[in-house]
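Thanks for coming. Please look at the sequence and the structure on the screen, and I will go through a few local features.

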Amino acid sequence: PLSPVPAPLGIRPRHPQVAAPYRSPTSLVIQDEAEGVSAARRRRSTQHPARPRARKGHGERPGHQGLAVEGGKMRPLEEAEIQQVFEKLFKFVGKNLKNIVDRTDQPHCFRLHKKRVFYVREDMMKRATNIARDELVALGVCVGKFTHSDKFRLTIGALELLATYAKHKMWVKPTSEMSFLYGNHLLKSGLGRITENTPANQGVVIFSMSDVPLGFGIAAKSTQDCRKLDAGSIVAFHQADVGEYLRAEDDMVQGKKE
């Protein structure tokens with residue numbers, strides 16, 4: 001076989017050019033877009049440096065003092081929410097609702113926290129801004145809560161407030177107190193007294209004969225109709241009673257089930 005001819009001195013041999021790998025137009029477009037996104041990110045990070053994240057439960061926005069309470073899970077009620085609360089309270093206290101909202105002794109306000117509505121002094125509400133929102137369980141008096149369908153209902157915590165300003169009342173006989181405290185409706189046989197001119201379907205507060213508030217409900221019949229009923233007829237539909245503090249203890253304190 002013939003031996004290869006050596007290259008002249010001072011002249012480097014030329015290597016054959018290696019062909020570049022084939023790249024489809026689609027891959028070129030993807031690479032261009034990726035490079036464009038990376039460049040845009042670099043520009044944004046240079047122009048707008050990332051802000052440090054606030055610790056959980058301690059963040060604040062300008063103009064929102066105590067965001068852990070006000071801007072987090074506890075906040076003032078919206079217009080539609082406060083309207084539902086006032087409608088329920090008005091059914092029991094009537095025009096005395098003004099005395100609840102505009103108290104002359106100590107200013108109070110309503111706050112929403114984890115679907116529950118609290119009636120709290122304003123000075124106590126301001127102090128609560130120092131508590132992290134995850135550690136805040138309750139504040140003031142829980143007067144009611146919103147259901148999953150966003151319907152408001154009064155709870156037993158509102159009893160003291162309703163008993164103070166109630167327009168219509170019923171007194172239950174000692175022999176029927178336990179029946180009512182177990183969640184049963186009030187019957188005519190257990191009715192001791194009733195305020196005059198109580199209309200039907202009106203909110204009433206139930207008292208013992210010694211004027212101790214036991215609960216509240218809705219009047220099934222008016223004062224005049226109650227006099228004509230037989231002993232087994234319902235005079236008040238049960239809504240809440242103090243026996244719930246034992247029967248539904250786990251529901252009274254948020255997070256106790258966990």
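Let me begin with a term: rings of Phe, Tyr and Trp, the last by its six-membered ring, form a pair if their centres lie within 6.5 Å, and planes under 30 degrees apart count as stacked, over 60 as edge-to-face and the rest as tilted. Before I use the term, two notes on the source. The model is predicted, and local features need pLDDT of at least 70, side-chain atom pairs count only at pLDDT 80 or more, while totals for chains, interfaces and linings use all residues. Residues are numbered from 1 along each chain as its sequence is written, and side-chain values use heavy atoms, with hydrogens and water left out.

Now the rings. How many aromatic pairs does a search of the whole structure find? There are five. One of them joins Phe110 and Tyr119; the ring centres are 5.1 Å apart and the planes stand at 45 degrees, so this pair is tilted. Both Phe110 and Tyr119 are buried, where buried means under 20% relative accessible area, exposed means over 50%, and partly exposed is in between, with a 1.4 Å probe and protein chains only. Ring pairs also link Phe86 with Phe110 and Tyr119 in a cluster.

Another ring has a charge over it, meaning that NZ of Lys or CZ of Arg is within 6 Å of the ring centre and within 35 degrees of the ring normal. Here Arg193 lies over the face of Trp171, at 4.2 Å from the ring centre.

Tyr119 comes up again in the next topic, the second largest pocket. On a 1 Å grid over the protein atoms alone, a pocket is an open set of points with protein on both sides within 12 Å along at least five of seven lines, and lining residues have an atom within 4 Å of a point. Grid points are joined across faces, edges and corners, and a volume is the space filled by probe spheres set on the points. For the second largest pocket the volume is about 250 Å³. Its lining has 13 residues, and the closest to the centre are Arg103, Tyr119, Val141, Glu160 and Leu161.

Which element gives the most to that lining? It is α6, with four residues. Helices (H or I, at least four residues) and strands (E, at least two) are DSSP runs, numbered from the N terminus. At least two lining residues come from each of β3 (116–121), β4 (141–146) and α6 (159–165). By type, the lining has six nonpolar, four polar and three charged residues. In that count, Ala, Val, Leu, Ile, Met, Phe, Trp, Tyr, Cys and Pro are nonpolar, Asp, Glu, Lys and Arg are charged, and the others, Gly among them, are polar.

Next, salt bridges, each a side-chain nitrogen of Lys or Arg within 4 Å of a carboxyl oxygen of Asp or Glu. The structure holds six. One of them pairs Arg75 with Glu81 at 2.9 Å, N to O. Arg75 is partly exposed because its relative accessibility is 23%, whereas Glu81, at 14%, is buried. Another joins Arg121 and Asp123 at 3.1 Å; Arg121 is partly exposed at 24%, and so is Asp123 at 34%.

A further bridge runs between Glu196 and Arg227, with the closest N and O atoms 3.1 Å apart. Glu196 is in the loop between β8 (191–194) and β9 (203–208), and Arg227 is in the loop between α8 (223–226) and β11 (234–241), so the pair ties together parts that are 31 residues apart in sequence. Arg227 is exposed, at 53%.

The loop between β8 and β9 also holds Ala200, which is partly exposed at 36%. Ala200 lies 4.5 Å from Ser222, C-alpha to C-alpha, although 22 residues separate them in sequence.

Last, the backbone. Most residues other than glycine have a negative phi, and most peptide bonds are trans. Asp150 sits in the loop between β4 and β5 (152–154) and is partly exposed, at 42%.

That is the end of my part.

Methods:
On a 1 Å grid over the protein atoms alone, a cavity is a set of points where a 1.4 Å probe fits but cannot get out, and a pocket is an open set with protein on both sides within 12 Å along at least five of seven lines; lining residues have an atom within 4 Å of a point.
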